[in-house]
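Here is a short briefing for a reader meeting this structure for the first time.

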Amino acid sequence: MPFADGVFDCVVSTLALHHWQDPVAVLKELQRVAQPAGRIIVFDTRRDIHSWLWTALKVGQTFGEHLQLCENDEPSASISASYTASELQRLALQAGWERAQIRTKLGWLMLERLPAQSAAFPVPPTLRRQRNGMR
């Protein structure tokens, strides 16, 4: 990327991971442009989705034949090219991400590089109580 080292305090990639030819190189590049205490979030579909969700997508894809996406076998092709949480963890380690967290839900996963130094922004007790519905 045409950016200097460590210029961003947050770097986000959404639904692109499964398109990268060399995901380790891209994860290294994301880390390069992020500040050491910055966040990196990579959000994508996951290949090991629940079978009922896969079936629902295939049915939707079949009945949506008139859509341009279906000509490219989407969304099936993207899901098939996606990673599992354990595969993504391995890629992050290969890219040198020392502290990372992976969260998964029905059809997606999110990789977050945890900052080397946490810049904590504590919530004052009065705001915390208001947020929780207390006064």
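Helix 1 has these buried residues: Pro23, Val24, Leu27, Leu30 and Val33. They pack against strand 1 (8-14), strand 2, helix 5 and strand 4. The model is a predicted one.

**The nonpolar core**

- The largest nonpolar core has 18 residues.
- Leu27, Leu30, Ile40, Val42, Trp97 and Leu111 have the most contacts inside this core.
- Two or more core residues come from each of helix 1 (23-33), strand 2 (34-45), helix 5 (85-94) and strand 4 (108-113).
- Helix 1 gives the most, with four residues.
- As a general background, nonpolar side chains tend to be buried together in soluble globular proteins.

**Around leucine 111**

- What does leucine 111 touch, leaving aside residues up to four places away in sequence?
- Among its contacts are Leu27, Ile40, Ile41 and Val42.
- Leucine 111 also touches Leu88, Ala92, Trp97, Ala100, Gln101 and Ile102.
- Two of the residues it touches, Leu27 and Trp97, are also listed with the most contacts inside the core.

**Aromatic pairs**

- How many aromatic pairs does a search of the whole structure find? The search finds two.
- Phenylalanine 3 has a relative accessible area of 40%, so it counts as partly exposed.
- Phenylalanine 8 is partly exposed as well, at 29% relative accessibility.
- Phenylalanine 43 and tryptophan 108 form a tilted pair. Their rings are 5.2 Å apart, centre to centre, with 35 degrees between the planes.
- Why does this pair tie together parts that are 65 residues apart in sequence? Phenylalanine 43 lies in strand 2, whereas tryptophan 108 lies in strand 4.
- Phenylalanine 43 is partly exposed, at 26% relative accessibility.
- Tryptophan 108 is also partly exposed, with a relative accessible area of 28%.

**A nonpolar patch on the surface**

- Which residues form a nonpolar patch on the surface? They are Met1, Phe3 and Val7.
- Together these residues have about 260 Å² of accessible area.
- Methionine 1 lies in the segment before strand 1. This residue counts as partly exposed, at 44% relative accessibility.

How values were computed:
Residues are numbered from 1 along each chain as its sequence is written. This is a predicted model: local features need pLDDT of at least 70, side-chain atom pairs count only at pLDDT 80 or more; totals for chains, interfaces and linings use all residues. Side-chain values use heavy atoms; hydrogens and water are left out. A nonpolar core is a set of buried Ala, Val, Leu, Ile, Met, Phe, Trp, Tyr and Cys residues joined through side-chain atoms within 4.5 Å. Buried means under 20% relative accessible area, exposed over 50%, partly exposed in between (1.4 Å probe, protein chains only). Contact means heavy atoms within 4.5 Å. Rings of Phe, Tyr and Trp (its six-membered ring) pair if their centres lie within 6.5 Å; planes under 30 degrees apart count as stacked, over 60 as edge-to-face and the rest as tilted. Patches are made of residues with over 30% relative accessible area and no salt bridge: like charges are joined within 9 Å, nonpolar side chains (Val, Leu, Ile, Met, Phe, Trp, Tyr) within 5 Å. Accessible areas come from the Shrake-Rupley method with a 1.4 Å probe; for residues, only the protein chains shown count as cover. A salt bridge is a side-chain nitrogen of Lys or Arg within 4 Å of a carboxyl oxygen of Asp or Glu.
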